[in-house]
Amino acid sequence: MAVILENDWDVMLAPLFAGEAYQALRVKLANEYRTHKVFPDMYDLFNAFRFTSYEATKVVILGQDPYHNDGQAHGLSFSVPDGVEIPASLANIYRELESDLGIPPADTGNLTRWARQGVLLLNSILTVRAHEAASHRALGWEQFTDSVINMISVKETPVVFILWGAFAQSKRPLVDESRHLVIASSHPSPLSASRGFFGSRPFSRANEFLVSTGQTPIDWRVTETQ
C-alpha cells in the first residue's frame with residue numbers, strides 16, 4: 001500500500017519509499033504489526049509529515065521513538081491524543097513553556113496545533129512495541145529519518161532544530177549549522193530536565209531566530225484558549 005501524504009513530502013519521500021532499505025523495513029514492520037502490539041496505529045505512522053509539509057517546516061523537534069503505552073502514540077513526537085494523560089516529559093515541556101513565554105500548561109497533550117504551524121514533530125524511530133521502549137531501534141527507521149533530516153538541512157529557508165537529550169543531539173552532525181539554528185539541551189524527562197532543560201528557553205529562542213530570518217514566529221499555545 002502506497003504512503004500518500006497529500007503534500008510536497010509525497011515527492012520528497014518517494015525515492016526513500018521506493019528504495020531497498022525502506023522495502024526491507026516495510027517487510028519487518030508488517031511482521032511486527034502482525035505478531036505484536038505496535039504503536040502508533042499504522043495509519044498514524046507518518047502523521048508528522050502529513051500535518052507539516054516540507055515547505056512549511058520551520059522548526060524540527062526531534063524525539064527518539066513513540067510513547068509505548070496504550071493510547072499514547074499518534075505519530076507526533078512528544079504528543080498524545082486528546083483525552084490521554086499528559087506524559088511526564090510533556091508536562092515538563094509545558095512547565096518550560098510557561099517559564100519561557102508565560103503560556104500556562106494546556107489541559108491536552110495534543111500538539112497538532114504546533115504541527116500545523118510548521119513544527120515537524122519527528123521521531124527518529126517511528127514505531128515501537130507496546131511497553132518496550134526503543135524496541136524498534138534496530139529495525140531500520142534511522143536510515144529513513146536521517147535522510148529526512150538531511151533533506152531539511154539543505155532547505156534554503158532557515159530552520160530551527162530543537163534537540164533534547166543525547167540521542168537527539170547525536171543527529172546534530174546532519175544539520176548545516178551555517179544555515180540553520182540548533183537549540184540543544186538535556187531531555188525534558190524527569191530524570192534529566194533539571195540538568196539544563198529548565199531555563200533553556202527553546203521556544204522564545206526559536207521565535208527570535210525565525211523573526212530574524214524574516215519568518216512568522218510560532219504561536220506556541222497548544223490550544224487557542226490558553
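User: Why is Asn110 called buried in this structure?

Analyst: This is a predicted model, and in it Asn110 has a relative accessibility of 15%. Buried means under 20%, so Asn110 counts as buried. Asn110 sits in the loop between helix H4 (88-101) and helix H5 (112-115).

User: Thanks! Which residues is Asn110 in contact with, leaving aside its neighbours within four places in sequence?

Analyst: Those contacts are His74, Ser79, Val80, Pro81, Asp82, Tyr94 and Val222.

User: What makes Glu132 partly exposed?

Analyst: Glu132 has a relative accessible area of 36%. Glu132 lies in the loop between S4 and H6. Glu132 and His68 are 64 residues apart in sequence, yet their C-alpha atoms are 6.4 Å apart in space.

User: His131 is in the loop between S4 and H6 too. What is the phi of His131?

Analyst: Its phi is about 65 degrees, a positive value although His131 is not a glycine. Most residues other than glycine have a negative phi. His131 has a relative accessibility of 46%, so it counts as partly exposed.

User: And where is Arg201, and what is its phi?

Analyst: Arg201 is in the loop between strand S6 (181-185) and H8. Its phi is near 55 degrees, a positive value in a residue other than glycine. With a relative accessible area of 35%, Arg201 is partly exposed.

User: How do you know that the peptide bond between Phe39 and Pro40 is cis?

Analyst: Look at omega, which is about -5 degrees for the bond joining Phe39 and Pro40. Most peptide bonds are trans. Pro40 lies in the loop between S1 and helix H3 (47-51).

User: Let's turn to helix H2. How do you know that its span agrees with its number of residues?

Analyst: H2 runs over residues 20-35, which is 16 residues, and at 1.5 Å a residue they should span 22 Å. The end C-alpha atoms are 23 Å apart, so the two values agree.

User: Why do you say that the buried residues of H2 line one face?

Analyst: The buried residues are Tyr22, Leu25, Leu29, Glu32 and Tyr33. Seen down the axis of H2, they fall within an arc of 90 degrees, so they line one face of the helix. Glu20, Val27 and Arg34 are exposed on the other side. As for what covers the buried residues, it includes helix H1 (9-18), strand S1 (38-39), strand S4 (128-129) and helix H6 (141-153).

User: What makes H2 and H6 oblique to each other?

Analyst: They pack at an angle of about 135 degrees, with axes 9 Å apart. Roughly perpendicular ends at 115 degrees and roughly antiparallel begins over 145, so H2 and H6 are oblique. The contact is made by Ala21, Tyr22, Leu25 and Leu29 of H2 with Trp141, Gln143 and Phe144 of H6.

Note on methods: Residues numbered from 1 in each chain as written. Predicted model: local features only at pLDDT ≥ 70, side-chain atom pairs only at ≥ 80, totals over all residues. Heavy atoms only, no water. Helix = DSSP H or I, 4+ residues; strand = E, 2+ residues; numbered from the N terminus. Expected span 1.5 Å × (residues − 1). Buried < 20%, exposed > 50% of the residue type's maximum accessible area, 1.4 Å probe, protein only. Arc of directions from axis to C-beta. Contact = heavy atoms within 4.5 Å. Axes fitted to C-alpha atoms, helices over the stretch in contact; angles between N-to-C directions. Parallel < 35°, antiparallel > 145°, perpendicular 65-115°, else oblique.
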